[in-house]
Amino acid sequence: MSIKPLGDRVVIKRLEAEEKTKSGIVLPGQAKEQPQMAEVINVGPGTEEVKMEVKASDVVIFSQYAGTPIKYEGEEYIILSQRDILAIVG
């Protein structure tokens with residue numbers, strides 16, 4: 001991964017949206033609910049005030065409108081501050 005976040009920032013990649021509802025209805029692309037869960041791809045070094053608590057490969061839940069979406073080498077990522085991460089899953 002060539003994206004190196006600075007300070008207390010984290011690079012995440014959203015997990016794929018569900019293709020079907022629990023009742024078995026197949027959803028078209030636009031109707032899929034965007035998950036608020038993502039995999040951590042890379043983590044900045046932190047700052048004197050902020051100790052980094054997440055690491056690469058963690059699965060996290062993040063704030064809905066947090067971060068800046070970017071495209072890099074055909075993949076979509078989000079760069080956000082660690083404070084926008086609400087929880088680590090698992």
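Two strands count as paired if DSSP finds at least two bridges between them, and strands themselves are DSSP runs of E, at least two residues long, numbered from the N terminus. The model is predicted, so local features need pLDDT of at least 70, side-chain atom pairs count only at pLDDT 80 or more, and totals for chains, interfaces and linings use all residues. Residues are numbered from 1 along each chain as its sequence is written, and side-chain values use heavy atoms, leaving out hydrogens and water.

**Exercise 1.** Work out how strand 4 and strand 5 pair, and inspect their hairpin.

*Solution.* Start with the ranges: strand 4 covers residues 68–72 and strand 5 covers residues 75–81. Over 5 bridges, the two pair in the antiparallel sense. Next, find Y72, whose bridge partner in strand 5 is E75. Finally, look at the turn: 2 residues lie between the strands, and E73 takes a positive phi near 50°.

**Exercise 2.** Decide whether D8 is buried or exposed, and list its contacts.

*Solution.* First locate D8 in the segment before strand 1 (9–14). Its relative accessible area is 12%. Buried means under 20%, exposed over 50%, and partly exposed in between (1.4 Å probe, protein chains only), so D8 is buried. Taking contact as heavy atoms within 4.5 Å, and not counting residues up to four places away in sequence, D8 touches G46, T47, V50, M52, L80, S81, Q82 and R83.

Note on methods:
Helix = DSSP H or I, 4+ residues; strand = E, 2+ residues; numbered from the N terminus.
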